[in-house]
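Subject: Structure handover and findings

Hello,

Here is the structure we spoke about. Please open it alongside this note.

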2 protein chains.
Amino acid sequence: MLSKNKIKLIKSLSQKKYRLIEKLFLAEGNKLVTEILNSDFKVELLLSTTDFSDSFGSTLTNVKEVISVMPDDIKKASLLKTPQQVLALCEIPRNNFSFDNLSDDLVLCLDNIQDPGNMGTILRIADWFGIHNICTSKNSVDVYNPKVIQASMGAILRVKVFYLDLEELIKKANRAKLPTFGAFLSGKNIYSEKLPEKGLIVLGNEGQGISTGLESLIQNKIHIPEYNVIAGRGSESLNVSVATSIICSEFRREKLITAIQN
Amino acid sequence: MLSKNKIKLIKSLSQKKYRLIEKLFLAEGNKLVTEILNSDFKVELLLSTTDFSDSFGSTLTNVKEVISVMPDDIKKASLLKTPQQVLALCEIPRNNFSFDNLSDDLVLCLDNIQDPGNMGTILRIADWFGIHNICTSKNSVDVYNPKVIQASMGAILRVKVFYLDLEELIKKANRAKLPTFGAFLSGKNIYSEKLPEKGLIVLGNEGQGISTGLESLIQNKIHIPEYNVIAGRGSESLNVSVATSIICSEFRREKLITAIQN
């Protein structure tokens, strides 16, 4: 039985304030929730049509409470325009930050990313390119925002996100001689640079780019050159998630060039 | 004076049916409309606060009618959550399709792209990488959808889009020995392939990928390998606009590697 209080709780998770109080986030849709149920994430409440929960049977070991509902109940609780058969309230995991864990691989650092769609897409890109850690300034959009969760397509289960002071982090990297990269208009051509297998890659805000406080700390300024500059025609900037994908592709290129698929 | 009929006309352009009848599309925001006013696109109606139109003065040569309004009037007519100082109704340009014009450069071919945000982002990527022509199946989202226009950030002014039968187009390319490429899971590693400077690049639908009817016609199957395959861990697929950006980056890479910025 789906009570009014439960619906209220679910709806409240669209707001960060309530996510912090409840320590829960909302995930919707058959594919995403199936991935969650197969992960080690803890599910506080699973709201599911019998069709969906039957397909799982007795394997729901990390679920505290299951409520079987009619499709109409899912609609009542859902934040989506076209709800599917299931939604889950999941515990927000506590990721313990350790600089040493970061310093052996590539890490994306996000400076004030505002758009939930961009944040979700960046998580998905990180996941694709095997980047397991994202550090972000505290003024970025919350990764447990339902719109980010939906756009990340399950990447949130595999990529750890840390909200912290990026200035401190970059200073620490500089002291540890870990290379730091950032995308700037004045940067060097990313296609001709030799890129390392570890280091911090800083991406900036959708409108303003990387903040000036961070700019002076970043050791290696890189740039995605625009084809139209060759053709002698000005054009627009790249969207931050598109820039992220090209940068990650270049950083992983040398390893991927010899990859044999399936 | 902003009449109720004008507001009704503007609002109606959120629907394809009315865009086809009126042969107009809606563009909003100071930056985008400024770009339009500086282009050779024809503006049927400009709705603008005096602040904005003063900044243009008498240079509005391609505008049929200007209505000076108060910010509240813009709000009444706007489809955006946070309207700015100006919106424009523009003539939908008639782009005459010529296969010969396409065969000397790269062309993106979009098979059933549904999401307006993806379509807008793909236009922007094409613009960045100097791809001037996009061919798309007739079941893709309309590029003059206001959401596409906003997401394209002015790229619609520089990239021509043709709605046509992709099967016919690819057959024609095959007969003309113009190379055709498509992204498939079973394709060859894009990072190790030698990619030409001209040809068709086919991108598929968000959920289903490239339709089977087209698949058999495409000569070169390529694939963006996933880093996690190396690391022995499965992950999600890439969003179609992210895949487009990586593919375009690879096709233009050889020319861009020697590009000197500014």
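Below are the ground rules, then the findings by topic.

This is a predicted model: local features need pLDDT of at least 70, side-chain atom pairs count only at pLDDT 80 or more, and totals for chains, interfaces and linings use all residues. Residues are numbered from 1 along each chain as its sequence is written, chains are lettered from A and ligands numbered from 1 in the order in which they are written, and side-chain values use heavy atoms, with hydrogens and water left out.

Chain A overall

Chain A has twelve helices and ten strands. Helices (H or I, at least four residues) and strands (E, at least two) are DSSP runs, numbered from the N terminus. Along the principal axes, the C-alpha atoms of chain A fill a box of roughly 60 × 40 × 35 Å. Of the 262 residues in chain A, 55% are buried. Buried means under 20% relative accessible area, exposed means over 50%, and partly exposed is in between (1.4 Å probe, protein chains only).

Salt bridges

There are 24 salt bridges over all chains. The criterion is a side-chain nitrogen of Lys or Arg within 4 Å of a carboxyl oxygen of Asp or Glu.

One of them crosses between chains. Glu250(B) and Arg253(A) meet through their side chains at 2.7 Å, N to O. Glu250(B) sits in helix H12 (residues 240-256) of chain B and Arg253(A) in helix H12 of chain A, so the pair joins two chains. Glu250(B) is buried, at 6% relative accessible area. Arg253(A) is buried too, at 14%.

Another is in chain B. The side chains of Asp127(B) and Arg158(B) form a salt bridge at 2.8 Å, N to O. This pair links distant parts of the chain, 31 residues apart: Asp127(B) is in helix H7 (residues 116-128) of chain B, and Arg158(B) is in the loop between H8 and strand E7 (160-163) of chain B. Asp127(B) is buried, with a relative accessible area of 0%. Arg158(B) is buried at 19%. In chain A, Glu35(A), Asp127(A) and Arg158(A) are linked in a network of salt bridges.

Then there is Lys75(A). Its salt bridge partner is Asp72(A), with the closest N and O atoms 4.0 Å apart. Both residues lie in helix H5 of chain A, three residues apart, about one turn of the helix. That helix spans residues 71-77. Lys75(A) counts as exposed, at 54% relative accessibility. Its C-alpha atom is separated by 9.8 Å from that of Val86(A), eleven residues apart along the chain.

Aromatic pairs

The structure holds eight aromatic pairs over all chains. Rings of Phe, Tyr and Trp (its six-membered ring) pair if their centres lie within 6.5 Å; planes under 30 degrees apart count as stacked, over 60 as edge-to-face and the rest as tilted.

Take Phe181(A) and Phe251(A). Their ring centres are 5.0 Å apart and their planes are at 85 degrees, so the pair is edge-to-face. The pair links distant parts of the chain, 70 residues apart: Phe181(A) is in strand E8 (residues 180-189) of chain A, Phe251(A) in helix H12 (residues 240-256) of chain A. Phe181(A) is buried at 6% relative accessibility. Phe251(A) is buried at 5%.

Now chain B. The rings of Phe25(B) and Tyr144(B) have centres 5.0 Å apart and planes at 40 degrees, so this pair is tilted. Phe25(B) is in strand E1 (residues 24-28) of chain B and Tyr144(B) in the loop between strand E6 (133-136) and helix H8 (146-152) of chain B, so the pair ties together parts 119 residues apart in sequence. Phe25(B) is buried at 0% relative accessible area. Tyr144(B) is buried at 10%.

In chain A, Phe25(A), Phe41(A) and Tyr144(A) form one aromatic cluster.

Surface charge

Lys81(A), Lys147(A), Lys81(B) and Lys147(B) gather in a patch of positive charge on the surface. Patches are made of residues with over 30% relative accessible area and no salt bridge; like charges are joined within 9 Å, nonpolar side chains (Val, Leu, Ile, Met, Phe, Trp, Tyr) within 5 Å. Lys and Arg count as positive and Asp and Glu as negative; His and the chain ends are not counted. The place of a charge is taken as NZ of Lys, CZ of Arg, CG of Asp or CD of Glu. Accessible areas come from the Shrake-Rupley method with a 1.4 Å probe; for residues, only the protein chains shown count as cover. Lys147(A) lies in helix H8 (residues 146-152) of chain A. Lys147(A) is exposed, at 57% relative accessibility.

Best wishes
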